[in-house]
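Here is a short note for a colleague opening this model for the first time. Please read the points with the structure in view.

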Amino acid sequence: MWPTRPNAMAQLERLYQLRRYDEAEDKMAFLTKYGPSCLAVATNGHVELSEKHLQHLSSIGIVSSSSAGFEKIDTKALQSRGILLTNTSIALRDDVADAVIMLTLACRRQLVAAHNYVQMADWGVKGMYPLTSGLRGKRAGIFGLGSIGQAIADRYSVMGLEIGYHSRTPKANNYTYFSSLKELSMWSDILVAVVPGGAETKGVIDHDVLRALGQSGTFINVSRGSVVNETALITALEKGWIANAGLDVFWDEPTPNPRLTGAPNVTLYPHHASGTAETRDAMAQLMVDNLKAFFNGEKVLTPVYELTEAVK
Ligand code: NDP
């Protein structure tokens with residue numbers, strides 16, 4: 001297992017016999033010794049779980065993850081073995097969507113630069129801060145209209161923005177669907193990435209997509225750093241091909257590229273979109289509740305996929 005919030009951890013300790021993979025110095029020796037007797041894995045999507053681990057975890061029926069993303073977990077290998085996977089997207093979607101609004105406003109209204117303007121006493125010397133860009137009537141393009149993407153769309157709609165989106169399949173709604181990311185970007189004033197990471201989305205926010213967004217465009221990323229070609233993003237910011245970017249996730253975490261973090265037209269957040277005490281507690285609790293449901297023989301609360309009868 002991987003550690004979690006104190007209240008959830010106390011429940012796990014009370015209910016189950018825990019084997020602490022996170023504390024093991026020799027991970028593979030730990031798996032050889034304890035893996036076969038484990039019935040469940042409590043983890044998060046930032047920790048690798050692949051074939052090399054699963055071959056030792058021959059008795060597990062569930063992987064309960066306390067995060068939303070799970071690109072480091074080999075879902076195909078789990079499914080083929082009839083192992084359930086649960087995540088906690090539902091518990092964190094509001095905080096992540098709120099963080100998108102925070103980054104959008106910070107970029108468009110230039111919160112960080114304006115804050116510095118007051119703090120450095122430029123206001124008294126140089127006069128009124130230059131005018132910024134409002135949100136009402138602007139077009140927000142959401143790349144990945146899933147659980148969190150929908151919560152972002154709800155907020156943007158209330159704020160008077162028009163919604164467009166790109167995903168692999170159109171959804172049943174009144175928003176404008178774009179079958180290509182580049183077309184969505186060309187249409188958008190604000191482009192938000194909120195897709196899963198992994199091989200399929202690696203580097204898809206590239207030079208062409210950023211050029212399509214245009215010099216008054218804002219790019220917001222709360223998905224994964226891997227989704228962006230970071231060299232292309234740095235160039236776009238430096239050359240003014242886009243206006244600005246609000247970034248919660250980076251290619252190199254926790255020490256992102258200084259050329260990116262040093263750009264005057266970025267607003268940065270340390271992969272903390274879900275980082276409130278309330279939400280982290282809710283995520284941890286949902287991870288525990290999924291385990292409880294599983295061991296009680298009930299339907300798990302938030303499965304990532306349904307198992308087919310053949311592999312159950
Ligand atoms: P969902 O699975 O609910 O939604 C994902 C969306 O992305 C779906 O609309 C899906 O639609 C679309 N999608 C998936 N793959 C592709 C693709 N290759 N091309 C285009 N669209 C695609 O996930 P959530 O909304 O819960 O979370 C989304 C992601 O947000 C997570 O995977 C994680 O990476 C990130 N996240 C970041 C957090 C942070 O702290 N910054 C916190 C939580 C999540 P379709 O299947 O039709 O393509």
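Which salt bridge do the side chains of Asp281 and Arg5 meet in, and at what N to O distance?

1. **The pair in question.** Asp281 and Arg5 meet through their side chains in a salt bridge, 2.7 Å from N to O. The term stands for a side-chain nitrogen of Lys or Arg within 4 Å of a carboxyl oxygen of Asp or Glu. Asp281 lies in helix H13 (residues 277–295) and Arg5 in the segment before helix H1 (6–15), so the pair ties together parts that are 276 residues apart in sequence. Helices here are DSSP runs (H or I, at least four residues), numbered from the N terminus. Asp281 is partly exposed, at 34% relative accessible area. Arg5 is partly exposed too, at 31%. Partly exposed sits between buried (under 20% relative accessible area) and exposed (over 50%), with a 1.4 Å probe and protein chains only.

2. **Basis.** This is a predicted model, where local features need pLDDT of at least 70, side-chain atom pairs count only at pLDDT 80 or more, and totals for chains, interfaces and linings use all residues. Residues are numbered from 1 along each chain as its sequence is written, and side-chain values use heavy atoms, with hydrogens and water left out.

3. **Other salt bridges.** The rule gives 14 salt bridges. One of them joins Glu48 and Lys52, at 3.5 Å from N to O. Glu48 is partly exposed, at 38% relative accessibility, and Lys52 is partly exposed at 38%. Lys292 pairs with Asp289, their closest N and O atoms being 3.9 Å apart. Both lie in helix H13, three residues apart, about one turn of the helix. Arg20, Asp22 and Glu23 are linked in a network of salt bridges.

4. **Two domains.** The domain assignment, automatic or from a database, gives domain 1 (6–87 + 276–295) and domain 2 (93–268). Their centres, taken over C-alpha atoms, are 33 Å apart. Five residues from domain 1 and four residues from domain 2 make the contact (heavy atoms within 4.5 Å).

5. **The interface.** About 400 Å² is buried between domain 1 and domain 2, with 44% from carbon and sulfur atoms. Buried area is the accessible area (1.4 Å probe) that two parts lose on being put together, summed over both. His46, Glu71 and Thr279 supply 70% of what domain 1 buries against domain 2, more than any other three residues.

6. **Across the interface.** The rule finds one salt bridge between domain 1 and domain 2. Glu71 also forms a salt bridge with Arg224, the closest N and O atoms being 2.6 Å apart.

Technical notes
Helices (H or I, at least four residues) and strands (E, at least two) are DSSP runs, numbered from the N terminus.
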